[in-house]
Amino acid sequence: MAPNTLFSVLSVLLLFLSLHPSSAAHDYRDALRKSILFFEGQRSGKLPADQRLRWRRDSAMHDGATAGVDLSGGYYDAGDNIKFGFPMAFTTTMLSWSVIDFEKSMGAELGNALKAVRWGTDYLLKATAKIGSGVVFVQVGDPYSDHNCWERPEDMDTLRTVFKIDGSHPGSDVAGETAAALAAASIVFRSRDPSYSTMLLNRAVAVFQFADSHRGAYSNSLRRAVCPFYCDVNGYQDELLWAAAWLHKASRRRQYREYIVRNEVVLRAGDTINEFGWDNKHAGINVLISKEVLMGRANYFASFKQNADQFICSTLPGISHPQVQYSPGGLIFKAGGSNMQHVTSLSFLLLAYSNYLSHANKVVPCGETTATPALLKHLAKRQVDYILGDNPLGMSYMVGYGPRYPQRIHHRASSLPSVGLHPARIGCKAGSRYFFSPNPNPNVLVGAVVGGPSNNTDSFPDSRPFFQQSEPTTYINAPLVGLLAFFSGHY
């Protein structure tokens with residue numbers, strides 16, 4: 001590396017770290033354990049005998065009955081009692097990617113991570129069981145009925161309406177993400193449970209075929225049920241490429257490589273390259289596909305690496321970019337609610353790409369600055385450390401980690417007395433007094449990472465009504481599992 005290039009790298013990194021130093025070493029192994037444990041608190045359906053969060057009980061056991069199908073199981077997405085298929089599928093994809101890239105660093109937690117993935121895929125298999133008839137079930141629960149009540153999932157008597165997509169009411173976005181999740185998980189279980197892996201891959205193939213053959217956004221088909229909660233603002237095109245990328249990785253079939261190359265422009269692979277989350281997969285597509293380019297065996301994907309490099313450059317502190325900003329305390333900040341979802345998902349990509357660059361002995365040129373693998377790892381670690389307590393408030397945004405963390409998270413099951421302590425039913429409106437209570441939640445949802453600061457002042461209201469800041473979600477935690485696994489194994 002040239003001396004002036006090395007100087008530019010070090011100057012950017014040292015300036016950023018001097019402004020936002022880490023106060024102390026963190027127990028990443030403990031944080032990893034807790035980040036996975038959180039998913040047990042989000043489980044729906046019949047809980048297994050090895051359930052560790054004992055204050056949760058069985059719930060929504062008859063989901064799907066009104067449609068003549070078994071849709072029990074799966075995850076509640078956040079602090080409510082709805083099972084939204086779109087974010088659940090993305091959660092499962094990211095849990096799988098975490099295992100695929102970082103399982104060697106998971107140690108004793110690998111088994112729990114695998115259980116978290118399988119809890120998601122078992123449900124997705126149920127939701128796609130009628131794919132042969134051109135039907136995919138994408139949601140259980142009426143969000144307006146649910147959000148009108150503050151009650152435990154074990155008590156809920158709100159409408160458990162089943163929503164589906166089909167050939168006349170397409171949803172390429174949610175179907176594409178579901179195919180991606182099933183394909184990614186098939187890699188996770190390939191050597192551990194070959195028959196289950198084959199089932200996942202075969203189902204992914206069928207669901208992707210359905211998504212591609214019946215193109216359209218599920219928001220147009222199911223608007224009232226999914227908007228404004230998980231409305232597909234970005235369009236369905238990215239999910240089709242995302243699914244094809246995972247099917248290519250899982251199956252190595254040429255048809256998916258050809259699909260990606262043929263549809264790169266049509267499906268707008270170069271759009272919004274610095275966005276990644278349950279609604280927008282562009283940065284993730286580019287990073288995932290770029291691994292093959294960096295390994296020197298897929299030059300036909302070179303444009304995806306160019307996009308990935310541009311994404312990397314847009315995230316560097318000190319490089320002005322309207323889509324990726326940093327708070328005074330050093331936190332990645334994007335407009336909108338639940339900012340930690342951007343922090344964990346973008347940091348995951350920084351870490352994953354840094355590893356791909358390391359193995360290829362490559363760097364990313366960003367004007368006068370060079371993004372080295374070490375720089376990207378430091379940036380990702382800085383975001384994780386902020387979450388764990390190295391921030392202006394000196395508090396962890398992970399419940400149960402560190403001496404100070406959110407006490408009043410926006411989460412029904414956590415904020416209401418457990419069934420074990422309060423066996424009597426708590427009705428729809430009877431739970432309101434717990435919602436407005438100034439007292440801490442009685443049930444500690446260990447490992448839950450809340451939405452966090454929603455503006456660039458690093459402030460946080462520890463209050464249930466401020467749901468954009470105080471509500472945890474599965475898709476905040478899923479990428480964090482991979483991040484914590486890596487740092488627990490290397491720091």
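Let me start inside helix α2, which covers residues 28–41, where Lys34 and Asp30 sit four residues apart and are therefore separated by about one helical turn. Please keep in mind throughout that we are looking at a predicted model. In this model the side chains of Lys34 and Asp30 meet in a salt bridge, with 3.0 Å from N to O, and Lys34 is buried, as is Asp30. The structure holds 26 salt bridges, and I will take two others alongside this one.

The next pair repeats the spacing in another helix, α4, residues 110–127, where Arg118 and Asp122 are again four residues apart, so that about one helical turn separates them. Arg118 forms a salt bridge with Asp122, and here the closest N and O atoms are 3.9 Å apart. What is the exposure of these two residues? Arg118 is partly exposed, with a relative accessible area of 27%, and Asp122, at 34% relative accessibility, counts as partly exposed too.

Coming back to where I began, salt bridges that share partners join Asp30, Arg33 and Lys34 into one network.

Now I would like to turn to how some of the helices pack. Two packed helices are described by the angle between their axes and the distance between the axes.

How are helix α12, residues 282–294, and helix α13 arranged? Their axes are 8 Å apart and the helices pack at an angle of about 120 degrees, so α12 and α13 are oblique to each other, and their crossing is left-handed. On the α12 side the contact includes Ile285, Ile289 and Val293, and among the residues they and their neighbours meet in α13 are Phe304, Lys305, Ala308 and Phe311. Sorted by class, this contact of α12 with α13 has 10 nonpolar, three polar and one charged residues.

Helix α13, residues 302–315, also packs against helix α14, residues 340–360, with axes that come within 11 Å and cross at roughly 120 degrees, which makes α13 oblique to α14. The crossing of α13 and α14 is left-handed. In α13 the contacting residues are Lys305, Ala308, Asp309, Phe311, Ile312 and Thr315, and in α14 they meet Leu346, Leu349, Leu350 and Tyr353. By class, the contact of α13 with α14 has seven nonpolar, one polar and two charged residues.

Finally, helix α3, residues 85–102, packs with α14 at an angle of about 30 degrees, their axes being 12 Å apart, and α3 and α14 are therefore roughly parallel to each other. As α3 passes α14, the crossing is left-handed. Met94, Trp97, Ser98, Asp101 and Phe102 of α3 make this contact with Phe348, Leu349, Leu351, Ala352, Asn355 and Tyr356 of α14, and by class the contact has eight nonpolar, two polar and one charged residues.

Note on methods: Residues numbered from 1 in each chain as written. Predicted model: local features only at pLDDT ≥ 70, side-chain atom pairs only at ≥ 80, totals over all residues. Heavy atoms only, no water. Salt bridge = Lys/Arg side-chain N within 4 Å of Asp/Glu carboxyl O. Helix = DSSP H or I, 4+ residues; strand = E, 2+ residues; numbered from the N terminus. Buried < 20%, exposed > 50% of the residue type's maximum accessible area, 1.4 Å probe, protein only. Axes fitted to C-alpha atoms, helices over the stretch in contact; angles between N-to-C directions. Parallel < 35°, antiparallel > 145°, perpendicular 65-115°, else oblique. Left-handed = near helix turned anticlockwise from the far one by under 90°. Contact = heavy atoms within 4.5 Å. Nonpolar A, V, L, I, M, F, W, Y, C, P; charged D, E, K, R; others polar.
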